[in-house]
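I opened this notebook to record, entry by entry, what I looked up in the structure shown below.

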Amino acid sequence: MRNSQYIVDPESYQLPMQARGTFGASPYAIGDLQLFHGVDAGDVAAELAACAVVRVAAGTAVEDGLRARLYIVLSGALGVEAPSTMGEGGIERVLPGESVGEQSVLDDAANLASMVALEDSELLVIEPGLVWQLIERHHGVARNMLRLLSFRIRTVNAQLRRRQKLGEFYRQLSLNDALTGLYNRAWLNDMLPRLVTRSRQDDAPLSLVMIDLDHFKRFNDAHGHIAGDGALVAAAGAIRAALRPTDFAVRYGGEELAAILPDTSRALAIMVAERLCARMRDAVVFEDMRLPLPHITGSFGVATLAPGQDERSLVEAADAALYRAKQAGRDRIGT
């Protein structure tokens, strides 16, 4: 059965799409088209006979007035813009026998996907009305359409999951200091308010230890910035190794570090700071012990969350204690 109501005037196609005749007059076979696998080829061929076959030159876009149409690649290849998430996009390659535009036809909406011929290509164009007629008359076409759309949904979902994992990976990277591997200031600004809230809810203590490497500028001037980076890495490693799994080590900025101690009273926090101070003295920056100043020291300020304090005042209290340690001669604990 020829469907004259679905014949498209060749003049309606915009350049660079050029009408090459009809599917009935072309050498292409129904059996090569995925959408019609398992369907009575004779009946479908008769219904598609009047459908236009168009040619698109390599490197040019398929521009068709933003109409909802189904395109099946007969030869060549199309590049179709894949769904974009998280600022990323991609190009899906549509090969002979494959189709594009099913969603726009089913939604009765303009096909807004960017389509470009990757090489000289010939396309079968099926108008929306005929697509629906084929679906209604041939269960195999409906089955193939559902299978195709299901595959594409699965593919998009898999891409979304991968990109979500990648986004989480980069988010975690943004919350860690690149040099030391400790959490950074951004992480602290996000997490400390939560830890304060949890401390209030659980009626549990929360302590903070601020740490400043002693005479770090002098260290950098004497040994260079590369050695200074090594000192920071050594100090970070010493602090991380001395903390419990439930504690958090942070690079607050420059040569200033911090340790957050949940469920830790003031007395216990002072003991932790004393342990950190001793570990800092033992941290080896230079393997060559003949060099001067092979070790580093730090000044420590301890504060425990008090009634009515928020995260900002807790940091200020720890900073004030750190200042007192530095004023008292450094390499010691301030409270």
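**Entry on burial.** I begin with the term that I need for the next step: a residue is called buried if its relative accessible area is under 20%, and exposed if that area is over 50%. The model is a predicted one, and I keep this in mind throughout. With the cut-off in hand I turned to strand 8 (residues 121–126), where 6 of the 6 residues are buried, so this strand is largely enclosed by the rest of the structure. Ser121, Leu123 and Val125 point one way from strand 8, while Glu122, Leu124 and Ile126 point the other way, and all are buried. In a regular strand the side chains alternate between the two faces of the sheet.

**Entry on the whole chain.** I then looked at the chain overall, whose secondary structure comes to 9 helices and 13 strands.

Which strands pair with strand 8, and in what sense? Strand 2 (residues 52–56) pairs with strand 8 in the antiparallel sense over 4 bridges, and valine 56 stands opposite serine 121 of strand 8. Strand 3 (residues 70–75) also pairs with strand 8 in the antiparallel sense, over 5 bridges. Within that pairing, valine 73 has leucine 123 as its bridge partner, and tyrosine 71 has valine 125. I placed these strands in an open sheet of 5 strands with the order 1-2-8-3-6 and antiparallel pairing. Its edge strands are strand 1 (18–22) and strand 6 (99–100), each of which pairs on one side only.

I next followed an open sheet of 5 strands in the order 10-11-9-12-13, where the pairing is mixed. Strand 10 (248–253) and strand 13 stand at the edges with a single partner strand each, so one side of each is left without a neighbour in the sheet. Strand 12 and strand 13 run parallel and are joined by 2 bridges, and here glycine 301 has glycine 334 in strand 13 as its bridge partner.

**Entry on helix 8.** I checked the length of helix 8 (residues 266–282) against expectation: at 1.5 Å a residue its 17 residues should span 24 Å, and the end C-alpha atoms are 25 Å apart, which agrees. Which residues of helix 8 are buried? They are Ala269, Val272, Ala273, Leu276, Cys277 and Met280. Seen down the axis of helix 8, these buried residues fall within an arc of 145°, so they line one face of the helix. On the other side of helix 8, Ala267, Met271 and Asp282 are exposed. As for the cover over the buried residues, I found that it includes strand 9 (206–213), helix 7 (225–242), strand 11 (256–262), strand 12 (298–304) and strand 13 (333–334).

**Entry on the cores.** The largest nonpolar core has 31 residues, and those with the most contacts inside it are Val209, Ile211, Ile239, Leu243, Leu276, Met280 and Phe300. The elements that give two or more residues to this core are strand 9, helix 6 (216–223), helix 7, strand 11, helix 8 and strand 12. Helix 7 gives the most, with 9 residues. I looked up leucine 243 and, leaving aside its neighbours within four places in sequence, found it in contact with Phe248, Ala249, Ala259, Leu261, Val272 and Leu276. There is also a second, separate core of 23 residues, which includes Leu35, Ile72, Val105 and Ile126.

Most residues other than glycine have a negative phi. Aspartate 203 has a phi near 50°, a positive value in a residue other than glycine, and sits in the loop between helix 5 (185–202) and strand 9. Aspartate 263 likewise has a positive phi of about 50° although it is not a glycine, and its place is in the loop between strand 11 and helix 8. Are these two buried or exposed? Aspartate 203 counts as exposed because its relative accessibility is 72%, and aspartate 263, at 53% relative accessibility, counts as exposed too.

Methods:
Residues are numbered from 1 along each chain as its sequence is written. This is a predicted model: local features need pLDDT of at least 70, side-chain atom pairs count only at pLDDT 80 or more; totals for chains, interfaces and linings use all residues. Side-chain values use heavy atoms; hydrogens and water are left out. The expected span of a helix is 1.5 Å times one less than its number of residues. Buried means under 20% relative accessible area, exposed over 50%, partly exposed in between (1.4 Å probe, protein chains only). The arc is that of the directions from the helix axis to the C-beta atoms. Contact means heavy atoms within 4.5 Å. A nonpolar core is a set of buried Ala, Val, Leu, Ile, Met, Phe, Trp, Tyr and Cys residues joined through side-chain atoms within 4.5 Å. Two strands pair if DSSP finds at least two bridges between them.
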